[in-house]
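Please keep the sequence and the model in view while reading.

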Amino acid sequence: MLKKILIGSLLTIAALYLGTPLAAAETRAVETPYGAVTQPFKLHQVGDTPVYYIVGKSGVPDAVNEGHTSNAGFVVTSEGVVVFDVLGTPALGYRMLQRIREVTELPIKLIVISHYHADHIYGLQAFKQHAGDPPVLAHRGTLGYVGGSSGSQGEDAERRLAQRREALFPWVDENTYIVVPDQVFDDDKQFRIGGVDFELKYLGPAHAPGDAVMLVHNYGVLFGGDVLYGGRIPFLDSPETDVGKWMEGLAYIAGLKEQVRYIVPGHGSLSDNAQEVVNTTRDYILYVQAAMAVAVKEMVPFDEAYENTDWSRYENMPAFAASNRGNAYRIYLEEEAKAF
Ligand SMILES: [Zn+2]
């Protein structure tokens with residue numbers, strides 16, 4: 001009995017020693033004007049370039065991850081900073097701004113948004129209020145989101161904001177508002193800031209209307225937005241997703257070849273093997289498409305087709321449980337529409 005108690009106490013002490021410091025580090029709250037952020041908020045550098053990024057967690061935005069589910073990054077030039085996406089709450093945007101300020105005091109010259117979805121844009125408010133109101137640039141297709149209902153069957157600004165005020169309170173509340181782009185572009189746009197050449201390319205509608213990627217020529221870095229996912233299952237399950245266009249976009253990125261050394265995806269980890277990321281995303285879409293096309297052709301109902309498909313090569317990837325079935329269903333519907 002005594003032995004049992006002793007072992008029990010030793011285990012508790014061991015757990016305290018091993019567990020507490022880590023837990024404390026993970027839950028250290030950093031105050032922002034928009035609520036405290038307790039999420040680990042590491043800044044990564046791309047190789048030895050002046051390009052930096054932050055990686056969100058896998059999963060749906062909720063009170064546990066505080067909405068920190070997407071990636072964002074920035075490029076430091078001699079004139080100032082170009083930001084690409086700004087994370088999913090004003091508080092996270094503010095944390096990102098703090099991280100930028102640890103690297104440079106230069107002004108924020110421009111913010112480019114990959115696509116207007118809540119997990120990538122809610123940080124804009126913090127930049128507008130605390131970084132000298134920098135201009136926000138996005139593709140013209142994003143105006144459907146901010147304009148409300150005009151043909152948007154998927155995510156639209158007002159509905160999503162109402163949902164996030166519940167799911168992400170207090171980080172998203174009645175003071176949170178949608179910042180619309182100050183400038184839009186059409187097919188592509190090139191510009192130079194502080195000696196760095198940037199190229200924006202519209203690849204949508206792939207994952208969403210307005211999908212754009214940003215190539216930073218000087219450093220061979222591509223910010224992929226949600227057209228590219230690093231080491232996880234992509235999200236195709238939206239009425240706005242256009243798989244055909246998505247594949248064309250991936251082919252375009254593959255064609256850039258050695259111009260792209262690194263890919264910072266919209267979700268998931270960075271890759272220094274750009275072609276591998278493209279191939280993984282493409283292979284996944286093709287695999288689901290092939291399986292669902294056969295099922296539609298043989299008139300197999302979706303549930304049965306899904307159960308009969310061998311998912312073993314993907315089932316251990318992050319976001320499989322959350323996204324795979326919905327993705328397959330979306331593609332099944334697309335194949336059905338093609339057939340009839
Ligand atoms: Zn996203």
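What percentage of the 340 residues of the protein count as buried? The share is 44%, where a residue is buried if 20 or more other C-beta atoms, placed from the backbone, lie within 10 Å of its own, exposed if 12 or fewer, and partly exposed in between. The model is predicted: local features need pLDDT of at least 70, side-chain atom pairs count only at pLDDT 80 or more, and totals for chains, interfaces and linings use all residues. Residues are numbered from 1 along each chain as its sequence is written.

**Overall make-up**
- The protein has 10 helices and 12 strands; these are DSSP runs (helices H or I, at least four residues; strands E, at least two), numbered from the N terminus.
- Of the contacts with a separation of 6 or more, 67% join residues 24 or more positions apart; a contact requires C-beta atoms, placed from the backbone, within 7 Å.

**Nonpolar cores**
- A nonpolar core is a set of buried Ala, Val, Leu, Ile, Met, Phe, Trp, Tyr and Cys residues joined through C-beta atoms within 7 Å.
- The largest such core has 71 residues, of which Val83, Val86, Ile111, Val112, Val213, Met214 and Leu222 touch the most other members.
- Beyond its neighbours within four places in sequence, Leu222 is in contact with Val213, Leu215, Ile253, Val260, Ile263 and Ala274.
- Another core, of 13 residues, lies apart from the largest one and includes Phe235, Leu236, Ala291 and Met292.

- Gln190 has Glu199 of β9 as its bridge partner.
- The hairpin has 2 residues between its strands, and Gly194 takes a positive phi near 55°.

**Helix packing**
- The axes of α7 (residues 243–255) and α8 (residues 274–297) come within 10 Å and cross at roughly 155°; axes are lines fitted to C-alpha atoms over the stretch in contact, and angles run from 0 to 180 degrees between N-to-C directions.
- Helices α7 and α8 are therefore roughly antiparallel (angles under 35 degrees count as roughly parallel, over 145 as roughly antiparallel, 65 to 115 as roughly perpendicular and the rest as oblique).
- Residues making this contact include Trp246 and Leu250 of α7 and Val278 and Ile285 of α8.
- The axes of α8 and α10 (residues 320–339) come within 9 Å and cross at roughly 50°, which means that α8 is oblique to α10.
- Among the residues in the contact of α8 with α10 are Met292 and Val296 of α8 and Ile331 and Tyr332 of α10.

Technical notes: Pairing = 2+ DSSP bridges. Contact = placed C-beta atoms within 7 Å.
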